[in-house]
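Reader: I would like a close look at one part of this model, with the terms spelled out.

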Amino acid sequence: MASAASTRDTGPVLEAVGLTKSYGDVDALDGADLVVDAGQIVSLLGRNGAGKTTLLSIVAGLLTPDSGQVRIGGIDVAADPVAAARQLGIAPQETGIYRVLTVAENLRFFGELAGVPRSELRHRVTGVADQLGLGPLLDRRADQISGGEARRLHTACALVHRPRLLMLDEPTVGADVATRNQLIDAVKELADDGAAVVYTTHYLPEVVSLGADIVIIEQGRILSRGTRRELIDRHRTAGLLVGFAGTLPVERLADLHPVEESPGYWRLTSELGVAELVGRLGPDAAQLTSVEALQPDLETVFLAVTGRSLDTEPGHDGEEATS
Ligand code: ATP
C-alpha cells in the first residue's frame, strides 16, 4: 500500500519548518525545524515543558501551529490532513486503546482505520503482536491485560499499518526491561524497513540503544542535533561532581552551571582543575567532601547546550553502548 514504509524510500519523510505555537505568554514552540529521513530515528531530548508534545501534535495535525509548515511524505498536513495522516503512526503519551475490545480487535481497528487492505490485516495483526510479545493475548479483552501489556498494545496500534512516519511520545514510561527492549527492537525494525521515526524519551540509555540522531529541544527551540558521538565532540565539556557539606555558594560558581544532583552533591560543567575550584571557593573550600572528574557524556552535553540538567541519573547515559 502507498502509505507503508518500504526499503525503496529515501530522502525526507518529515519536513517541519519554522513551527511556532504560543499559549498566552508561553512560547511552546519558537521557530522549530525538524527534518527526518526515511530509515532515520530521531530522538527528541528535552526537559518537561520543552515543547516535544506540542511539536508531535502539530506534525500529527492535532494542533494548528501559529506559523510554519509540515509535510509528511511530501503531503502538506494543513492542505490534506487525511492523506498526511495515512502516512503516520502515532502513540501519544496517554494510552488510547479500546478497553472493551480484545487485543486483536484493537489492532484490526487501528489497521483498518489506517487503510490496511483486509487481505493483509490478519498477517499484520499477528506480526506486530508477535513482535511486541502480545501473541498469547490476542483474544483477551484489553481491560484484562496488565499496564505494561496495554502500553505495548498502544504502541502496536501505531505500528500495525507500517507507517512511513512513526512518532512515539515516551513509549517506555513505566515499562519493565523486557517491554522496553521489545519496543526498541520493533522501532529499529521499522526504521530498517525505511520508516522515519520520531521518539521522545527522558531516558538516555534508550537514545543510545536506538542509535538515534539526537535533537536537543529547550523552550520551543531546537538547539543542537547529531549522533551521540557528534554531540559529545561538538559540545565537549567535562564536568566535576562536587561533594559539599552545607549549601554550595552557587552564586560564585554560576558560570559553571551548578546542578544539585543529589543532597550534598553538585554537578559542575567545567574544565576546571581541583586547585582552581578550591581557589574559587576560598575559605568555603574546607567544606568540600569530594571532587570527582566526570567524562563528557550526553548529560554534560545537555547541560552545556541548554545550561540545565535533564534530571537523569548522574553518569547514566548508556556509556556501555557504542553508537
Ligand atoms: P513533557 O516532557 O512534560 O511532556 P513537553 O516537552 O512535551 O513536556 P509540551 O507539552 O509541548 O512540553 O509543552 C510546552 C509548553 O507549552 C509548556 O510550557 C506547557 O506548559 C505549555 N502548554 C502545553 N499545552 C498547553 C495548553 N493546552 N495550554 C497552555 N499551555 C500549554
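What is the volume of the second largest pocket?

Author: The model is predicted, with local features needing pLDDT of at least 70, side-chain atom pairs pLDDT 80 or more, and totals for chains, interfaces and linings using all residues. Residues are numbered from 1 along each chain as its sequence is written, and side-chain values use heavy atoms, without hydrogens or water.

The second largest pocket has a volume of about 200 Å³ (the space filled by probe spheres set on grid points joined across faces, edges and corners). A pocket here is an open set of points on a 1 Å grid over the protein atoms alone, where a 1.4 Å probe fits, with protein on both sides within 12 Å along at least five of seven lines; lining residues have an atom within 4 Å of a point. Leu63, Thr64, Pro65, Val77 and Ala78 are the closest to the centre of this second largest pocket, out of 13 lining residues. Strand S4, residues 67-72, gives the largest share of that lining, three residues (strands are DSSP runs of E, at least two residues, and helices runs of H or I, at least four, numbered from the N terminus). By class, its lining has eight nonpolar, four polar and one charged residues (Ala, Val, Leu, Ile, Met, Phe, Trp, Tyr, Cys and Pro are nonpolar; Asp, Glu, Lys and Arg charged; the others, Gly among them, polar).

For context, the largest pocket holds about 510 Å³ of space. It is lined by 18 residues, with Leu88, Gly89, Ile90, Phe110 and Leu113 closest to its centre. Helices H2 (81-86), H3 (103-113) and H5 (147-159) and strand S6 (88-91) each supply at least two residues of this lining, which divides into 13 nonpolar, four polar and one charged.
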